[in-house]
Amino acid sequence: MDLHPTLRRAARRIAEVLHEYAATRGWKYTRWQDWSEGDYSIEMTLNEQWLRFDVQFIATGFAGMDPYQAFNSVQDWLESQLINDPELARMVDIRPMTPEQFERVSQFSLSDPDVRVDAELIASAMPSTGPSPTTP
Amino acid sequence: MAGRGSFASFGAPVQDLDLAWQERLEDARILLAQGRTDSALIQAIYALEIRLKERICRQLDLRQLPHPLEIHDLQGLLIVSGLSGRMEASTPLERRVRVNWNILRAYADEVNDQRYKPQSMTPQDAQALMDKLTNPQDGVLTWISTQP
C-alpha cells in the first residue's frame, strides 16, 4: 500500500535520523536481506489508525548492551535531532535489537492496521545517498 | 437500535473487566508454574489488554466497554487510555517501562498466530516477559496501576 506523501516524508525523516546515529558509530547500512554486507538495518511499519511508526533498528553494535541502555541511546539521539519536530518524535516507537533478536521477532506477522514502509524509502534517506528523484 | 461499532452500544461491565484482567494474570502465573510457557504469555497479554480497557472505562466514566473499543490493538488502547503521553516521558522509570511495553507489544502481535503452533518459548524467556509485565519497579501493569 502506498503511504500518503506526508507520511512518506515523516518515515524518510525518521530513517534519516537513524542513519545519522549509525554514521556517528561508523556502522554500514544494509538491507536486511543482504545482512552479511553491513552492520545495521532498519525495518519500519506504520500503524495508520493511530499514526505510530514502529521501528526495528537492527545492529550488531547493540550486542551485549542492556536493552534499556540501547533504547536510551537511540531515543536520546532521536529526540535531540527532532527537537524542532517533537510531534514527529512522539510518533516513533524505537526498538533497538541485535540481528539474532530480530530473527526471533521477524517471524511475527504484522498486526492488522500496520503498513510496512518500503526499503527503498529507508535506503534513500541515507545522508550520503541524498534524496532519490522518485521519493518525495 | 444501535449497531455494533456504535458508542451507544456497550459491552462488558467495568467490574467484570476489573476481575477479568486479574484472573487472566493469575491464569498466566499458574500456567507458567506448570511449564505451559506460550499459553501463560497469551493469558498475560490478555491481562494487559483487559487492564487497559478497564482503565479506559474508568477514565471516561463508563460503566461498560463500548463496542468500538473491543479491539486487540495495544497501541490504540494505550492512546485511548490517556497513558501514551505519560509513557513517553524521559524519566528513567518511564524509559524502562516504555522498553518493556515495546517488547510486550511485539510479542502481542504474535498472539493470534500462536494458537496454531506448538509451544516454543523457554521458561526463562517466558519468565523474562512476565517480569516486563509485573516487575514491582518497572513492570507495565505495575506502572499502569500507579497512574492517576
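The model is predicted, and the predictor gives the complex an ipTM of 0.81 and a pTM of 0.86. Its largest pocket holds about 870 Å³ of space, whereas the largest cavity holds about 30 Å³.

**Confidence**

- Chain B has a mean pLDDT of 91, and 93% of the residues of chain B reach 70 or more.
- Where pLDDT is low, the predicted coordinates should not be read in detail.

**Largest pocket**

- The space in the largest pocket comes to about 870 Å³.
- The lining of this pocket has 31 residues, and those closest to the pocket centre are A:Gln101, A:Arg104, A:Val105, B:Ile103 and B:Leu129.
- From chain A, helix H2 (67-81), strand S3 (92-97) and helix H4 (99-105) each supply at least two residues of the lining.
- From chain B, helix H5 (92-108) and helix H7 (123-134) each supply at least two residues of the lining as well.
- H5(B) gives the most to the lining of the pocket, with five residues.
- By class, the pocket lining has 17 nonpolar, seven polar and seven charged residues.

**Largest cavity**

- The structure holds one cavity of 30 Å³ or more, and the volume of the largest cavity is about 30 Å³.
- Chain A contributes A:Arg52 and A:Asp93 to the lining of the largest cavity.
- Chain B contributes B:Gln75, B:Leu78, B:Ser84, B:Met87, B:Glu88, B:Arg98 and B:Trp101 to the lining of the largest cavity.
- Helix H3 (74-81), helix H4 (84-87) and H5 of chain B each supply at least two residues of the cavity lining.
- The cavity lining divides into three nonpolar, two polar and four charged residues.

**Helix packing in chain B: H1 and H2**

- Helix H1 (residues 14-33) of chain B packs with helix H2 (residues 37-59) of chain B at an angle of about 160°, and the axes of H1(B) and H2(B) are 8 Å apart.
- Angles over 145 degrees count as roughly antiparallel, and H1(B) and H2(B) are therefore roughly antiparallel to each other.
- H1(B) and H2(B) make a left-handed crossing.
- The contact of H1(B) with H2(B) has 14 nonpolar, three polar and seven charged residues.

**Helix packing in chain B: H2 and H3**

- H2(B) also packs with H3(B), at an angle of about 25° and with the axes 9 Å apart.
- Angles under 35 degrees count as roughly parallel, so H2(B) is roughly parallel to H3(B).
- The crossing of H2(B) and H3(B) is left-handed.

Terms used. Residues are numbered from 1 along each chain as its sequence is written. Chains are lettered from A and ligands numbered from 1 in the order in which they are written. This is a predicted model: local features need pLDDT of at least 70, side-chain atom pairs count only at pLDDT 80 or more; totals for chains, interfaces and linings use all residues. Side-chain values use heavy atoms; hydrogens and water are left out. On a 1 Å grid over the protein atoms alone, a cavity is a set of points where a 1.4 Å probe fits but cannot get out, and a pocket is an open set with protein on both sides within 12 Å along at least five of seven lines; lining residues have an atom within 4 Å of a point. Grid points are joined across faces, edges and corners, and a volume is the space filled by probe spheres set on the points. Helices (H or I, at least four residues) and strands (E, at least two) are DSSP runs, numbered from the N terminus. Ala, Val, Leu, Ile, Met, Phe, Trp, Tyr, Cys and Pro count as nonpolar, Asp, Glu, Lys and Arg as charged, and the others, Gly among them, as polar. pLDDT is the predictor's confidence in each residue, from 0 to 100. Axes are lines fitted to C-alpha atoms, for helices over the stretch in contact, and angles run from 0 to 180 degrees between N-to-C directions. Angles under 35 degrees count as roughly parallel, over 145 as roughly antiparallel, 65 to 115 as roughly perpendicular and the rest as oblique. A crossing is left-handed if the near helix is turned anticlockwise from the far one by less than a right angle, and right-handed if clockwise.
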